[in-house]
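Please take a moment with the sequence and the structure shown below before reading on.

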Amino acid sequence: MEPVIVKRADHCISRKNISSAAVKVLYHLKDSGYKAYLVGGGVRDLLLKRNPKDFDVVTNATPEQIRKLFRNCRLVGRRFRLAHVLFRGETIETSTFRAPVPDEADEAYSEHIFSTGESGMVTRDNIFGTPEQDALRRDFTINALFYNIADFSVIDYAGGLNDLKEGIIRVIGDPDKRFAEDPVRMIRAARFAGMLGFKIESSAYDSICRNKELLTHASPSRMYDEVQKLFFCGNANEVFGWLERSDLLHPMFHDFSHWIDEDRARHDWVTHTLEQMDRWRKAGLQVHPSLLFALIFGEYHEFLAAQLEADGVSAHDACKLAVQQHLRAMCENVRVPKLVIYQVSDIMGNQIRFQRTKGARPQRFLHSEGFLDAFLYFKFSSKSHGRNAELLDYWTEQNDSLKHKPHYK
Ligand code: ATP
Ligand code: MG
C-alpha cells in the first residue's frame with residue numbers, strides 16, 4: 001500500500017523540538033546510507049504540539065550495523081535485538097524495521113516475545129521487515145507515523161494523521177485479533193484516550209469490553225510498567241474513567257475494584273487521589289511508585305487493616321499486613337516489585353507514629369528514612385478528610401525544619 005506522505009511545509013514538526021540526541025542518531029544513520037525515521041509517541045506528540053516523553057528511531061540498518069555506527073551503543077533484547085544509543089541523560093531506542101509476527105504454525109520461530117502462548121497471544125518472535133510492515137504491526141494508527149529525517153516528511157501507512165485530527169484511538173487491523181495477540185494494548189488504549197482526550201473507536205471499544213478478561217493472561221511485569229504509565233501520564237483521572245467505563249479495572253485490580261463498586265464514596269476517594277496526582281504532575285513533580293500505590297490504595301488498605309485489627313492484630317502490624325496481603329495477591333496480575341511493597345507497607349505502618357508528639361520518638365521518626373513519604377500520605381489523607389489539623393501543623397513545622405532533599409523532583 002502506498003503511504004500518505006505529508007511534506008515539511010504541511011505539518012508542524014520542527015527539528016528544534018526533537019532532542020539533540022535523537023537528531024544525532026537520525027542524521028548519523030541517514031549520512032551512513034540508511035533509512036532513519038522517528039516513530040511512535042515522539043511523532044504523535046510533536047504533531048499534537050505536546051512535549052514527547054521519549055524518542056524512538058527505526059531504520060533499515062541491522063542491530064550489528066547500528067552498533068558499528070555508534071560507540072555509545074548497547075544491544076538489548078534476547079528475542080528481538082534492538083539498540084540503545086546512550087547519550088548523557090538520554091537513551092534513544094533504535095530498532096530495525098520489523099515484520100509482522102509469523103504464523104503460529106511456523107516452527108522456525110520458537111522464541112517468546114510478549115508472553116507464553118495461551119489465548120492466542122503472540123508467542124513467536126519477529127524478523128526484520130519493511131517500513132510498511134513495521135508501521136502496521138504497531139498498536140494504534142496514531143502511534144504508527146514516521147518522521148523522515150531525509151526530507152522532513154511525515155509518512156502515514158495506517159491513517160494515523162486523520163485519526164490524530166479527529167481525536168480517535170483506532171487499532172491497526174482487527175481489534176479482537178490485536179488484543180488477543182497482546183492484551184496490554186487494551187489498557188494502552190485507555191491511557192492514550194485519557195491522556196490525549198481522544199475517543200476509542202467504537203469497534204475497538206466494543207472489543208475491549210468483550211475481551212477484558214484476557215488482561216489476566218498478560219505478563220505481570222509488563223502490566224506493572226503500563227500501570228505506572230496509566231497513573232503518571234498527567235491525566236490519570238480521565239484514564240481511570242476509561243478503565244472504569246470499559247470495566248478493565250476488574251481484571252487489573254480484582255479485589256480493589258469490587259471494593260470500590262460497593263460504595264460511591266470509595267470511588268470518589270480514588271478520583272480525588274488521582275486529581276492530586278495530576279496536579280503534582282502539572283506542577284512538574286514526580287511522585288515515585290510507592291507513594292503512588294500508597295495513595296491510590298490507601299483507603300482500601302485502611303479498610304483491610306481495620307478488619308485485621310478487629311481480629312486482634314495490633315494497629316501498626318495490621319496496616320503493614322493489609323498492604324502486604326493485598327499487593328502480594330495483586331502480583332498475580334500486576335507484579336509490584338518487592339521493594340515497592342515494602343515501602344508502601346512502611347508508609348502505612350508509619351501513620352500511627354504521627355499521633356505521637358511527645359518524648360524522643362517524634363525526633364527519631366522525623367530523621368528516619370521513610371518519614372517524608374509517610375508524611376506526604378498523612379498530609380494528603382488528613383486534608384482530604386478534614387482531620388488531624390493540630391497534628392498536621394505540628395508535623396508540617398517539624399518537616400519544614402528539616403530542609404529535606406525532596407523525594408520528588
Ligand atoms: P509514551 O508517550 O507513553 O512513551 P508511546 O506511544 O511512545 O507513548 P511506548 O510504550 O514508548 O509508547 O512505545 C513506543 C511505540 O512502540 C508506540 O508508539 C507503538 O508504536 C509501539 N508499541 C508499543 N507497545 C506496543 C504494543 N503493545 N503493541 C504494538 N505496538 C506497540
Ligand atoms: Mg514512548
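**A buried histidine and the rings around it**

His326 has a relative accessibility of 8%, and because buried means under 20%, this residue counts as buried. The model is a predicted one, and in it His326 belongs to helix 15, which spans residues 315-330. If neighbours within four places in sequence are set aside, the residues in contact with His326 are Phe256, Phe297, Tyr300, His301 and Leu304.

How many aromatic pairs does the count come to? With ring centres required to lie within 6.5 Å, the count comes to 28 aromatic pairs. The pair of Phe97 and Phe146 is edge-to-face, because the planes of the two rings stand at 65 degrees, with the ring centres 6.2 Å apart. Phe97 is in the loop between strand 6 (90-96) and helix 4 (131-136), while Phe146 is in strand 7 (residues 145-148), so this pair ties together parts that are 49 residues apart in sequence. Phe97 and Phe146 are both buried.

Phe354 and Phe371 form an aromatic pair that is tilted, with 5.9 Å from centre to centre and 50 degrees between the planes. Since Phe354 lies in the loop between helix 16 (338-349) and helix 17 (361-366), and Phe371 lies in helix 18 (residues 371-385), the pair ties together parts that are 17 residues apart in sequence. Both of these residues, Phe354 and Phe371, are buried.

The last part of the tour concerns the ligand. There are 18 residues around ligand 1, and those that come nearest are Arg44, Lys53, Asp182, Arg185 and Arg191. Backbone atoms of the protein also approach ligand 1: an oxygen atom of the ligand is 3.2 Å from a backbone N or O atom of Gly41, and a nitrogen atom of the ligand is 3.2 Å from a polar backbone atom of Asp139. For Asn143, a polar backbone atom lies 2.9 Å from an oxygen atom of ligand 1. Taken alone, ligand 1 exposes 590 Å², and 86% of that is buried by the protein.

Key:
Residues are numbered from 1 along each chain as its sequence is written. Chains are lettered from A and ligands numbered from 1 in the order in which they are written. This is a predicted model: local features need pLDDT of at least 70, side-chain atom pairs count only at pLDDT 80 or more; totals for chains, interfaces and linings use all residues. Side-chain values use heavy atoms; hydrogens and water are left out. Rings of Phe, Tyr and Trp (its six-membered ring) pair if their centres lie within 6.5 Å; planes under 30 degrees apart count as stacked, over 60 as edge-to-face and the rest as tilted. Helices (H or I, at least four residues) and strands (E, at least two) are DSSP runs, numbered from the N terminus. Buried means under 20% relative accessible area, exposed over 50%, partly exposed in between (1.4 Å probe, protein chains only). Contact means heavy atoms within 4.5 Å. A residue is near a molecule or strand if one of its heavy atoms lies within 4 Å of it. A polar contact is a pair of N or O atoms within 3.5 Å; within protein, one must be able to donate a hydrogen and the other to accept it, and residues adjacent in sequence count only if both atoms are side-chain atoms. Accessible areas come from the Shrake-Rupley method with a 1.4 Å probe; for residues, only the protein chains shown count as cover.
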